[in-house]
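Subject: Handover of a structure and its findings

Dear colleague,

Please find the structure below, followed by an account of what was found in it.

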Amino acid sequence: MTRLAERCGLSRLVAKKVKLTGAANGAGAAADAKVTSIVVGMAAGADGIDDLDILRHGAMPAVQ
């Protein structure tokens, strides 16, 4: 699924069109990677943001 998103240019499109500013904690950084992760997670069966908790930085030990 990630390969399909890459082939469709999702990251490039998001990097070009989405600009998040004003977040003091870096929440607006790497919007292209974040959107791609969300789209791929949803394609893999995530029904909502709660299903994507595994993608959070602090959840890496849960993946191993």
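In what follows, a residue is called buried under 20% relative accessible area, exposed over 50%, and partly exposed in between, using a 1.4 Å probe and protein chains only. By that definition serine 11, with a relative accessible area of 27%, is partly exposed.

The model is a predicted one, in which local features need pLDDT of at least 70 and side-chain atom pairs count only at pLDDT 80 or more, while totals for chains, interfaces and linings use all residues. Residues are numbered from 1 along each chain as its sequence is written, and side-chain values use heavy atoms, with hydrogens and water left out.

Overall composition

The chain contains 4 helices and 0 strands, in the order α-α-α-α from the N terminus. Helices (H or I, at least four residues) and strands (E, at least two) are DSSP runs, numbered from the N terminus. Of the 64 residues, 17% count as buried. The accessible surface of the chain is about 5100 Å², and carbon and sulfur atoms account for 59% of this; such areas come from the Shrake-Rupley method with a 1.4 Å probe, and for residues only the protein chains shown count as cover.

Helices H2 and H3

Helix H2 covers residues 10-17 and packs against H3 at an angle of about 135°, the axes being 8 Å apart. Axes here are lines fitted to C-alpha atoms, for helices over the stretch in contact, and angles run from 0 to 180 degrees between N-to-C directions. The two helices are therefore oblique to each other, given that angles under 35 degrees count as roughly parallel, over 145 as roughly antiparallel, 65 to 115 as roughly perpendicular and the rest as oblique.

Alanine 33, in H3, is 22 residues from serine 11 in sequence and 6.7 Å from it, C-alpha to C-alpha. Alanine 33 is partly exposed because its relative accessibility is 40%.

Isoleucine 49 is located in the loop between helix H3 (31-43) and helix H4 (60-63). Isoleucine 49 counts as exposed because its relative accessibility is 56%.

Yours sincerely
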